[in-house]
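Student: Could you walk me through reading a sheet in a protein model?
Tutor: Happy to; let's look at it together.

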Amino acid sequence: MTDYGQPLRFGFFPSPRADRADDLLRLVGTAEDAGLDLVSVQDHPYQRRFLDTWTLLSVIGARTTSIRLSPNVANLPLRPPVMLAKAAASLDILTGGRAELGLGAGAFWDGVVAAGGPRRSPGEAVDALAEAITVMRAFWSGGTVDLDGEFYPVHGLHAGPAPAHDIPIWLGALGPRMLRLTGEVADAWVPSLQFVPPDQIAEKSMVIDDAARAAGRDPAEITRIYNIAGAFGSGDGLLAGTPAQWAEQLTDLTVTLGMSTYVLATDDPDDLARFANEVAPAVRELVAAERQG
């Protein structure tokens with residue numbers, strides 16, 4: 001694998017806990033003031049301790065002016081694609097084009113079913129996601145939408161409003177079918193360090209790249225977003241040392257494996273400040289030097 005030459009971005013992934021909403025909003029302010037590029041929020045409607053993701057993103061959007069916003073990733077089985085497309089377009093308009101859309105095929109099926117959603121097999125979940133992407137992009141294009149589908153048939157829908165910009169669709173993909181779908185139709189791949197460690201990135205990226213080329217796409221068009229977690233300290237492991245060590249490790253992930261957007265899972269204001277003020281600028285400098293060399 002090599003560097004795709006994509007622009008670097010840095011963001012964070014706070015816990016959407018209802019009992020810490022004020023802390024979360026203060027963190028968002030810290031992130032924007034420090035120049036982070038995005039805030040991304042998990043979406044588990046069946047989790048009783050969590051705020052609703054779209055309501056939270058709307059409040060964040062109203063309190064900020066530059067930071068980009070995305071679910072990471074939206075729970076498709078509990079969010080019909082027409083309503084999801086309308087919600088994303090509305091957020092995009094209201095925030096001046098700052099919305100991005102992470103999508104997942106579904107997980108935690110007992111929770112989904114408990115909340116009134118369907119239980120889908122792995123194959124059905126991927127097929128439903130592919131249909132949903134077609135529906136959402138047709139919605140954003142406007143006009144009257146007529147689409148046959150096994151999961152999401154839409155007939156005679158008057159679509160709108162259109163978003164303020166072309167909303168990028170991220171896919172949280174792990175298995176081969178989801179990776180191929182990412183290469184065929186998605187704007188970004190968003191794995192998590194917890195589930196896709198660095199030694200698995202190259203193999204999974206190759207599946208995405210092969211599918212992209214087969215679909216007539218340039219693999220470099222697909223942004224590589226990495227959800228990361230770590231602890232600043234004196235360790236030698238991945239994301240276990242000093243900010244300078246973090247910067248060297250993230251630089252290596254960029255220039256050798258092609259990752260380009262790093263989203264740090266944290267609720268700690270000190271760790272967020274170190275990431276934004278020390279790690280991100282250092283990675284930008286190191287990557288720029290590697291790319292020029």
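Predicted model: local features only at pLDDT ≥ 70, side-chain atom pairs only at ≥ 80, totals over all residues.

Tutor: Residues are numbered from 1 along each chain as its sequence is written, and side-chain values use heavy atoms, with hydrogens and water left out.

Student: In what order do the nine strands of the open sheet come?
Tutor: Strands of a sheet pair through backbone hydrogen bonds, either parallel or antiparallel. Here the order is S3-S2-S1-S11-S10-S9-S8-S5-S4, with parallel pairing. Strands are DSSP runs of E with at least two residues, helices are runs of H or I with at least four, and both are numbered from the N terminus; two strands pair if DSSP finds at least two bridges between them.

Student: Which strands stand at the edges?
Tutor: S3 (68-71) and S4 do; each has a single partner strand, so one side of each lacks a neighbour in the sheet. The partner of S3 is S2 (residues 38-41), joined by four bridges, with Leu-38 bridged to Arg-68.

Student: Are the faces of S5 covered or open?
Tutor: Buried means under 20% relative accessible area, exposed over 50%, and partly exposed in between (1.4 Å probe, protein chains only). In S5 (residues 101-104), both faces are covered: Leu-101 and Leu-103 are buried on one side, Gly-102 and Gly-104 on the other.

Student: What pairs with S5?
Tutor: S8 (residues 169-171) does, in the parallel sense over three bridges, and Leu-103 has Leu-171 as its bridge partner.
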